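Subject: Structure handover

Hello,

Here is the structure I promised to pass on. Please open it before reading further; my notes follow below.

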Amino acid sequence: MRKILIFTSSFFIVVFLLSFFILYKTSHEEFLVFIENFFLIKSDKIKVLHDVLNTEFYNRIKYSLLILSFFASVSLYIFISKQNLFYLILVFLKLPLGYLKWIYRNFIELTLKTKILLILLLTLVFAHRVYISNTTSVIYDEAWTYLAFTQKNPLIAACFYPTSNNHILYSHLTQITKFLPFDILFNLRLPSIITGILAIITFFFCTKRYFSEYNLWLSVSLLSFIFPMVYYGVAARGYSMLLLLFIIGFFATIDIIKNPNNYKAYCIIMFSSVLGFYTIPVYLYPCITLNLFLLIFFIINKDYTSLFRIIKFGLLTVIAVLFLYLPVFVVSGVNSVIDNKFVKSKSFHFVADNFLSHLSNTARFFSSIYSDFFALLLVFLMLVFFIVILVFSKNILLKLSLFCIIIIPVFIFIHRLIPVERTWIYLLIPFCFSLGIVANNKLTQIFIFILFVFNMVNIITSYQKQMLWYDKICEEDYIQGKYITNYFINKNVSVISKNRMNTYLKFNKFSKNQNWEIIDEIPENISKEYFLILYNKEKETINTSSFTKLFYYEGYSIYKSE
């Protein structure tokens, strides 16, 4: 095995370097001519080719070969001279199968009563998620994911990063589930449903050794039915996957705290971090949190061997993430990931002015409390509670949980960015874990039980209301997409739209088997009946003289050609 890997690394070093030198000696114009001749590009497609393979893109391709040769060289060095690291890589590659074996082994060890209760809980969660999926229309980001990535070649998701909508690993999984014999939307959401259930199972098995049985079921039940877990346990986004990977990394961190020489735990943190980054780049926050806590822990305990080890694994994580994102950097550019409009730093004053409203929205996102005052009061009381415990508690695991929470303002002001509320979904884990730890008397257990009952009542009676509020915060235009789709349903129409309704209608055209024509621009000669959909701001720039206004709905005006 090792000889094969050494040969493969050597082969790719030669191939990458040779390709680099060939391109280095070839001008951009010569490269375009070669592509045109080799692929027999038709004359009407040449302009498109030149626009796509511009000079900047050509240079990214060229220098990416140099970077790939570097990665291949590092691999060769590891395989030849670093036997321990080589075997760690083999352990790393075996982790997915090991994870499934770990679940099976832990389940077998449960008592019959606990097995039955766990199966009942997971069955209830699955049935609830399926019900939510079947009664909830597509949201904008889901529709965009399907049209831009799921429906197309798998390589598109690996290379194309026009906005933060591309949760790359999730997009790859939808390339598999799209072939299942269910409807398009359920297939799109299935990876979220599965990873959400895996997150609950993983949390259960990881916490059962720390909690009493009563505290365990309270914490797991609370996690299973809290709004962010329910919403992203259905929505076709990467956040339930991020949550699962954070749970794995969080409890691997605990294992390292208990045994700093546990090499497998370091591999697990690296594994979860790499996949977390490849799912959503905002995994940066939980990754920094866990590694920073370990760095502080080792410095305080003067364990410099372990300190060096966590730095080494951190560097390996960075290298692996850069390797996975290399196709994105080549095709879409580095700035598409690190400098898009969603991650650009704002002014300090902007962050300070919006900080309290962000805390209020985040508290409502987690708690479903509709009053801004009570939401902020909840945040304040929780912070005071956590800080007091952090100062006086000697439980290092509790301190890890609280550290994950209280470091959030530091991230916000250092990055100078007000992120979307879902960014902090991973805080569900330290929150539920810390509740389980402190619930060591009847009073706190009653409090958690009341919290669980309140949350269940909210999910049952107010899920739709909470979802629509959250949709408005995220500017998904869910109700507009649902309403306008239903307006055109089963009609043979041609629709002009360049806003979010374009995405909604294109997705529902496939999902609901509709015979719609959907275009972006008004034709020069309107020879047939068209419907025009304009968002508020568009009405100022688009000439509607050839159309008659039919109605207005929640920011959108619908016109019909005369």
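Start with helices α10 and α11. They pack at an angle of about 160 degrees, and their axes are 10 Å apart. That angle is over 145 degrees, so α10 counts as roughly antiparallel to α11. The crossing of α10 and α11 is right-handed. Please keep in mind throughout that this is a predicted model.

Helix α10 has another partner to look at. Helix α10 covers residues 184-207, and it packs with helix α6, residues 112-135. Here the angle is about 155 degrees and the axes are 11 Å apart. This makes α6 roughly antiparallel to α10. The crossing of α6 and α10 is right-handed.

Salt bridges

How many salt bridges does a search of the whole structure find? It finds 8. Three of them are described here.

Take Arg209 and Asp255. They form a salt bridge, with the closest N and O atoms 3.4 Å apart. Arg209 sits in the loop between α10 and α11, while Asp255 is in helix α13. The pair links distant parts of the chain, 46 residues apart. Asp255 has 21% relative accessibility, so it counts as partly exposed. Arg209, at 46%, is also counted as partly exposed.

Next, Arg237 and Asp141. Their salt bridge has its closest N and O atoms 3.9 Å apart. Arg237 lies in the loop between α12 (227-232) and α13 (239-258). Asp141 belongs to helix α7, residues 140-150. Again distant parts of the chain are linked, this time 96 residues apart. Both Arg237 and Asp141 are buried.

Then Asp520 and Lys506. Their side chains meet in a salt bridge at 4.0 Å, N to O. Asp520 is in the loop between β2 (517-519) and β3 (531-535). Lys506 is in helix α25, residues 500-511. Asp520 is partly exposed, because its relative accessible area is 38%. Lys506 is partly exposed too, with 27%.

A nonpolar patch

Which residues form a nonpolar patch on the surface? They are Tyr214, Ile446, Phe449, Ile450, Val453 and Val457. Together they have about 540 Å² of accessible area. Helix α23, residues 442-474, gives the largest share of the patch, with 5 residues. Ile450 is in helix α23. Its relative accessible area is 53%, so Ile450 is exposed.

Positive phi angles

Most residues other than glycine have a negative phi, and most peptide bonds are trans. Two residues here are worth a look on that point.

Arg416 has a positive phi of about 55 degrees, although it is not a glycine. Find Arg416 in the loop between α21 (408-415) and α22 (428-438). Its relative accessibility is 35%, so Arg416 counts as partly exposed.

Asn490 is not a glycine either, yet it has a positive phi of about 60 degrees. Asn490 lies in the loop between α24 (478-488) and β1 (494-497). With a relative accessible area of 66%, Asn490 is exposed.

Two distances

Where is Glu538 found? It is in the loop between β3 and β4 (547-553). Its relative accessible area is 16%, which is under 20%, so Glu538 is buried. Glu538 and Lys498 are 40 residues apart along the chain, and their C-alpha atoms are separated by 9.2 Å.

Ile41 is in the loop between α2 (28-38) and α3 (46-52). At 27% relative accessibility, Ile41 counts as partly exposed. Ile41 and Ile526 are 485 residues apart in sequence. In space they are 32 Å apart, C-alpha to C-alpha.

That is the tour. Over to you.

Best wishes

Methods
Residues numbered from 1 in each chain as written. Predicted model: local features only at pLDDT ≥ 70, side-chain atom pairs only at ≥ 80, totals over all residues. Heavy atoms only, no water. Patch = residues over 30% accessible without salt bridge, like charges linked within 9 Å, V, L, I, M, F, W, Y side chains within 5 Å. Areas by Shrake-Rupley, 256 points an atom, 1.4 Å probe, with all protein chains shown as cover. Helix = DSSP H or I, 4+ residues; strand = E, 2+ residues; numbered from the N terminus. Buried < 20%, exposed > 50% of the residue type's maximum accessible area, 1.4 Å probe, protein only. Axes fitted to C-alpha atoms, helices over the stretch in contact; angles between N-to-C directions. Parallel < 35°, antiparallel > 145°, perpendicular 65-115°, else oblique. Left-handed = near helix turned anticlockwise from the far one by under 90°.
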